[in-house]
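Subject: Structure for your review

Hello,

Here is the structure I said I would pass on. My notes on what was found in it follow below.

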Amino acid sequence: MRKILTVFIATIIMLYSTTAFAKTIVGIYNSSDKSYELDEIEPTDGGYKNNGCYSFLVNNEEWFFCTNTLTSPIKYDENVWNVLAAQNGIRDYLWTGEYYYGRHTYTDWSGQSYKGGNHKIYLYDEDLNLVSEYTFSQYPKEIAYTDGVYYVRLAADNNYGNNLSETVMQSADFENWEISEYDITYKKNEVYFRENQISSDNINYYTMLFENSSNFKTYENEFPLWFIKSNFKLSKDGIYSVCVETEDGNYPNSQLVGSYFYEDKYVMHYADGSEIVLSTDEIMEYMSDISVAPYVVYNNEILAFEEPPVIENGTTLIPIRFLFGQMGAEVDWEQDTRTATISKDGTVITFTIDNTTAMVNGEPAEMTLPAQLINDKTMVPVRFLSEELGYTVTWDGDNRIITIE
């Protein structure tokens, strides 16, 4: 198991860092009026015009997104756009390596239970010839393709006496569809994700245990380079994240439907037309920072701390409550003296912020680093406290994995 987990971690570790980082990035909230204009995509062959679809550049590559659909940004190709989107209304599509896999988006934001929307999905070959189509009894509101498997998420339908719940279907041949045992499986940066699980090989999955409940929305088509967790969190790996705040404290009151780059800005676009605009340079720096945090594995689960661990002078500091709460230890905090106490199975450890001397069952013991307050979280040396409670701590320096057993 550890070997597989090591391979997984190695695919997403990039740099080394010895400093703490902020977990919040501040952006500007725009209710509806934008201070910039994207280019609206027009069909060039006289085909059907789809309003609300805009193009933008990322690393000199053109992408597009549509404001009134559930689609994520898609790499723009004029010929593909005109055949699939402009002529046939297929504005959510992806390239599988052999076919374009697509769906209609007419009723993504209808406010109805998708009754009357086009219930078909489509396959087109590289020459944009229709190869196959399939019709469901429910509206396909999301599609994906991973390692030879087609996925589709069918919307719930409670209209006209129907009582159909949201369902994920999968197929290897586009003809024989079955209910998927799991949620849609996504792949990004050679790492597989489904629900709150993660894998390096799409076979052996490990649960991500979040300090605070958080589901992340994945974007297909290799863009953007991170995940959206809930409406206001960004994550490089689906484990550690940066919170998005706004200067004036106002936030969109609707679902995130897309994100894109515009010049030196990164824009999060919401269903009500509002947006949060972030600095591209700042967000790239923050996302690089959180991607270097070490990973902690306890009880065969990856612990997704709200405040990621940091390494200082070779010592890893982690938030105190989440890990030791999982161990069944009691954690008490005395604000006046800034003193924390951990109790488990007859062992009592007391320590104070910025003091390297801890007390273990009344006896002094030296820590390599003192406990610290980082972004309002009490961070403590993980090896010292874990070993004092009787656990074994192993450190994989090459892949930056801490395993506690």
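Glu 306 and Lys 377 form a salt bridge, with 3.1 Å between the closest N and O atoms. Please keep in mind that this is a predicted model. Glu 306 sits in the loop between strand 26 and strand 27 (310-312), while Lys 377 belongs to strand 35, so the bridge ties together parts that are 71 residues apart in sequence. With 24% relative accessibility, Glu 306 counts as partly exposed. Lys 377, in contrast, is buried, its relative accessible area being 17%.

Lys 377 also forms a salt bridge with Glu 211, where the closest N and O atoms are 3.3 Å apart. This pair links distant parts of the chain as well: Lys 377 is in strand 35 (residues 377-381), and Glu 211 is in the loop between strand 17 and strand 18 (216-217), 166 residues apart.

In total, the count comes to twelve salt bridges. Another of them joins Glu 166 to Arg 153, with the closest N and O atoms 3.5 Å apart. Here the separation is 13 residues: Glu 166 is in the loop between strand 11 (149-154) and strand 12 (167-171), and Arg 153 is in strand 11. Glu 166 is partly exposed at a relative accessible area of 40%, whereas Arg 153 counts as buried at 10% relative accessibility. Salt bridges with shared partners join Lys 141, Glu 142, Arg 153, Glu 166 and Asp 183 into one network.

Arg 194 is placed in strand 15 (residues 191-194) and counts as buried, at 10% relative accessibility.

- Strand 16 (residues 197-199) and strand 17 (residues 206-210) are antiparallel and share two bridges. Gln 197 stands opposite Thr 207 of strand 17.
- Strand 25 and strand 37 (residues 401-404) run parallel and are joined by four bridges. The bridge partner of Tyr 295 in strand 37 is Ile 401.
- Strand 25 and strand 26 (residues 301-304) are antiparallel, with two bridges between them. Tyr 298 has Glu 301 as its bridge partner in strand 26. These two strands form a hairpin with two residues between them, and Asn 299 in the turn has a positive phi of about 55°.

How do the side chains of strand 25 (residues 295-298) point, and are they buried or exposed? Tyr 295 and Val 297 point one way, Val 296 and Tyr 298 point the other way, and all are buried. In general, side chains in a regular strand alternate between the two faces of the sheet.

Among the helices, helix 2 (residues 78-87) is mostly covered, with seven of its ten residues buried. The buried ones are Val 80, Trp 81, Asn 82, Val 83, Leu 84, Ala 85 and Ala 86. The N-terminal end of helix 2 is capped by Asp 77, which has a side-chain oxygen 3.1 Å from the backbone nitrogen of Asn 79. Just after helix 2 comes Gly 89, with a positive phi of about 70°.

Finally, the totals for the chain. Its secondary structure comes to five helices and 37 strands. Of the 405 residues, 55% are buried. Among contacts with a separation of 6 or more, 50% are between residues 24 or more positions apart. The chain exposes about 18300 Å², and carbon and sulfur atoms supply 42% of that area.

Regards

Note on methods. Residues numbered from 1 in each chain as written. Predicted model: local features only at pLDDT ≥ 70, side-chain atom pairs only at ≥ 80, totals over all residues. Heavy atoms only, no water. Buried < 20%, exposed > 50% of the residue type's maximum accessible area, 1.4 Å probe, protein only. Contact = heavy atoms within 4.5 Å. Areas by Shrake-Rupley, 256 points an atom, 1.4 Å probe, with all protein chains shown as cover. Pairing = 2+ DSSP bridges. Salt bridge = Lys/Arg side-chain N within 4 Å of Asp/Glu carboxyl O. Polar contact = N/O pair within 3.5 Å; in protein donor to acceptor, adjacent residues only side chain to side chain.
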